[in-house]
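This report describes strand pairing, helix packing and salt bridges.

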Amino acid sequence: MRIAFLTAPEGVEQVELTDPWKAAEDAGHEPVLVSTRSGEIQAFNHLDKADTFPVQEVVGDASADSFDGLVLPGGVANPDFLRMDDKAVAFVRDFFEQGRPVAAICHAPWTLIEADVVRGRVLTSWPSLRTDLRNAGATWVDEQVKVCDHGSNKLVTSRKPDDLKAFCETFLEVFTAERAS
């Protein structure tokens with residue numbers, strides 16, 4: 001499977017990018033780093049700068065139909081930047097419109113809210129997004145990982161870095177099952 005990992009040029013929580021990326025690679029899939037600008041992204045360990053990673057595709061040139069699924073890592077700044085970029089929001093929305101699976105962790109559902117794809121869905125996130133998600137028409141649950149199939153696609157969400165093991169196992173199972181169907 002070819003899996004898009006969408007991040008802003010800076011602000012992604014490094015472990016929420018690298019753990020799912022490694023899980024996808026270890027399962028024999030092709031993760032692709034997509035961002036709003038070419039060059040490199042700057043990851044963070046909470047509020048401290050961490051490593052940089054090369055951008056493989058720019059969101060304005062990328063198409064959801066060239067991917068089997070989408071992973072949205074968190075970090076506080078990352079989804080805040082993404083939700084202000086019309087092309088990034090449209091890219092995310094396209095996965096839902098095409099029925100392709102999406103996985104989002106921590107603060108990443110902010111981008112889903114901006115894409116207007118959470119109404120009627122059940123998901124989890126970092127707890128501070130609970131009110132934002134409810135106001136956008138979603139049902140928020142406090143669970144390690146939540147799979148929602150009440151919509152055009154499967155949506156996998158998790159709360160925080162401590163949930164990464166379950167998040168990675170679940171999104172890979174869901175993405176694989178969706179590709180097989």
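Two strands are taken to pair if DSSP finds at least two bridges between them. Strands (E, at least two residues) and helices (H or I, at least four) are DSSP runs, numbered from the N terminus. The model is predicted, so that local features need pLDDT of at least 70 and side-chain atom pairs count only at pLDDT 80 or more, while totals for chains, interfaces and linings use all residues. Residues are numbered from 1 along each chain as its sequence is written, and side-chain values use heavy atoms, with hydrogens and water left out.

**Sheets**

Strand 4 (residues 40-45) and strand 5 run antiparallel and are joined by five bridges. Within this pair, Ile-41 has Phe-53 of strand 5 as its bridge partner. Both strands belong to an open sheet of three strands, ordered 2-4-5, with mixed pairing. Strand 2 (10-13) and strand 5 (48-54) are at the edges with a single partner strand each, so one side of each has no neighbour in the sheet. From one strand to the next, the twist averages 40 degrees.

An open sheet of seven strands, also described by mixed pairing, has the order 6-3-1-7-8-12-11. Strand 6 (57-58) and strand 11 (145-148) are its edge strands, and each pairs on one side only. Strand 11 runs antiparallel to strand 12 (residues 155-158), with four bridges between them. Lys-146 stands opposite Thr-157 in strand 12.

| Strand pair | Bridges | Direction |
|---|---|---|
| Strand 4 and strand 5 | five bridges | antiparallel |
| Strand 11 and strand 12 | four bridges | antiparallel |

**Helices**

Axes are lines fitted to C-alpha atoms, for helices over the stretch in contact, and angles run from 0 to 180 degrees between N-to-C directions. Contact means heavy atoms within 4.5 Å. Helix 1 lies across strands 2, 4 and 5, at about 55 degrees to strand 2. Helix 6 lies across strands 1, 7 (69-72), 8 (102-105), 11 and 12, at about 170 degrees to strand 8.

The axes of helix 1 (residues 14-26) and helix 6 (residues 164-180) come within 10 Å and cross at roughly 45 degrees. The two helices are therefore oblique to each other, where angles under 35 degrees count as roughly parallel, over 145 as roughly antiparallel, 65 to 115 as roughly perpendicular and the rest as oblique. Helix 1 contributes Val-15, Glu-16, Asp-19, Pro-20, Ala-23 and Ala-24 to the contact, and helix 6 contributes Leu-164, Phe-167, Cys-168, Phe-171 and Leu-172.

**Salt bridges**

There are nine salt bridges in the structure, each a side-chain nitrogen of Lys or Arg within 4 Å of a carboxyl oxygen of Asp or Glu. One of them joins Arg-2 and Glu-30 (3.7 Å, N to O). This pair links distant parts of the chain, 28 residues apart: Arg-2 is in strand 1 (residues 2-7) and Glu-30 in strand 3 (residues 30-35).
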